[in-house]
Amino acid sequence: MANKDGHRRFGNIRKLPSGRFQIRYPGPDGVIHTGTTTYGTRTDADRALTLIEAQMISGEWTDPERGKVELADYARDWIKERPGLRPKSLELYRWLLERHIVPTLGKVPVGKLTAKTVRAWRAGLLDRGVSVSTAAKAYRLLRAVLMTAVEEDKMLSRNPCRIKGAGNEHTPERPVLTVAQVFELADRMADRRFRAMVLLTTFASLRWGEVTALRRSSIDLQTRTVTVREQLLELDGGEMRLGPLKSKAGRRTVSIPSVIIPILAEHLTTYVDEAEDAFVFLGKRGAFLRGSNFRREAKWADALKEMGVQGLHFHDLRHTGNTLAAQSGASLADLKARMGHDSDRAALIYQHATRDADQKIADALSARVKAEQKKAKKPKKGDDDGSAGALVPAG
């Protein structure tokens, strides 16, 4: 907008030798920006400056120069600028970016990304056979990267990742073993050193990386507790690395059922060195336990086949333990502490499952009562008034 003396209070307009008009204006960072396009009339240039000023006042202005950066370069820098990422998360982000985002969107300038572009990209992933779970992970990464572009770097006025539910992973219901099946599976391990591992993982609700990182000092047979302090990570390149837990809540002390204490005591005596920092569960050669080595040495698949159980993964032992804990009547806070979760969401899943099972029991009881009542009210042969079938005899 021009002042009375003909000068604008925001930005300025100059006429180029070509006869077209160019705008210049100060950004929120104090840097003078030159318009990325020129205008046929001074009026059009003036309107453009007015619009830019309004965008700055409302917080919707984006830096056109920054927006020219290609997504691949911006996203790679975004990952590098997060030094707090766990090694496994860092590896996953890089893989998702290079495998599922860069091939399609990598050359697109960040400022040119639209909701339509994102929709087409996600549809392409699913059309090529990428699983819903992997597509959801890639979408969440892209959404997080572009949120930074919107909120911090002012490269976009709005995040184009706006597909409802695209970040949700629809995982199938995992199998749950009975208590008897847990003990049977433990007994069927081809190497007896894994018997205690199966039982402790289940009844203490441990993750694979947590149980394989346990040391002798982690288990206290007197107080019947196991303390989780770290986790063992197996990176894609094959490197085994001890690292921090997934969250602060992951560092926890969990009570162990007394019934498996003798089995743990036997395991410690037979397979674990006396040193306090000795690892509790190792492979036959004394090295860190890899998932593939465990399945081979324990003959995991054979044990499941003999039991008639299909599709059970080692992680499902923790799922079984969480389910059993919820069925015991544990509170939401107690479940969160035992599972090592910061949020209520995961613990609520198990509480809801328990309530659903309890409701089914109540419904079954209700159906039985109604059947008995219906049977009792049915007149007996020879009775005229049907009173003989009454539930409550006449006084």
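Modeller: Gladly, and let us begin with the sheet: three strands form an open sheet in the order S1-S2-S3, with antiparallel pairing. Strands (E, at least two residues) and helices (H or I, at least four) are DSSP runs numbered from the N terminus, and two strands pair if DSSP finds at least two bridges between them.

Modeller: A word on the ground rules: this is a predicted model, where local features need pLDDT of at least 70 and side-chain atom pairs count only at pLDDT 80 or more, while totals for chains, interfaces and linings use all residues. Residues are numbered from 1 along each chain as its sequence is written, and side-chain values use heavy atoms, with hydrogens and water left out.

Biologist: Which strands stand at the edges of the sheet?

Modeller: The order of the open sheet is S1-S2-S3. An edge strand has a single partner strand, so one side of it is left without a neighbour in the sheet. The strands in that position are S1 and S3.

Biologist: How many bridges join S2 to S3?

Modeller: Let us take the two pairings in turn. Strand S1 (residues 12-15) and strand S2 (residues 21-26) pair antiparallel over four bridges, and there Arg 14 stands opposite Gln 22. On the S3 side (residues 32-34), Ile 32 is the bridge partner of Pro 26, and Thr 34 is that of Arg 24. S2 and S3 also run antiparallel, and the number of bridges joining them is three.

Biologist: Which residue takes a positive phi in the hairpin of S1 and S2?

Modeller: S1 covers residues 12-15 and S2 covers residues 21-26. The hairpin has five residues between these strands. The one with a positive phi, near 95°, is Gly 19.

Biologist: Where is Ser 205, and is it buried or exposed?

Modeller: Ser 205 has a positive phi, near 55°, in a residue other than glycine. It sits in the loop between H7 and helix H8 (208-211). Buried means under 20% relative accessible area, exposed over 50%, and partly exposed in between (1.4 Å probe, protein chains only). At 1% relative accessibility, Ser 205 counts as buried.

Biologist: What is the relative accessibility of Lys 154?

Modeller: Lys 154 is not a glycine, yet it has a positive phi of about 55°. Its place is in the loop between helix H5 (132-151) and H6. Lys 154 counts as partly exposed, and its relative accessibility is 32%.

Biologist: Why do the buried residues of helix H11 lie on the same side?

Modeller: In H11 (residues 300-307), the buried residues are Trp 300, Ala 303, Leu 304 and Met 307. The arc is that of the directions from the helix axis to the C-beta atoms. These residues share one side of H11 because they cover an arc of only 95°.

Biologist: Which helices do the buried residues of H11 pack against?

Modeller: The face turned away from the buried side carries the exposed residues Ala 301, Lys 305 and Glu 306. The packing partners are H6, helix H10 (291-298) and helix H12 (315-327).

Biologist: How many aromatic pairs does the structure hold?

Modeller: A pair of aromatic rings is described by the distance of the centres and the angle of the planes. Rings of Phe, Tyr and Trp (its six-membered ring) pair if their centres lie within 6.5 Å; planes under 30 degrees apart count as stacked, over 60 as edge-to-face and the rest as tilted. The number of aromatic pairs in the structure is 10.

Biologist: What kind of pair do Phe 183 and Phe 203 make?

Modeller: Their ring centres are 5.7 Å apart and their planes stand at 40°, so the pair is tilted. It links distant parts of the chain, with Phe 183 in helix H6 (residues 179-187) and Phe 203 in helix H7 (residues 195-203), 20 residues apart. Phe 183 is partly exposed at 23% relative accessibility, whereas Phe 203 is buried at 13%. The kind of pair they make is tilted.

How values were computed. Contact means heavy atoms within 4.5 Å.
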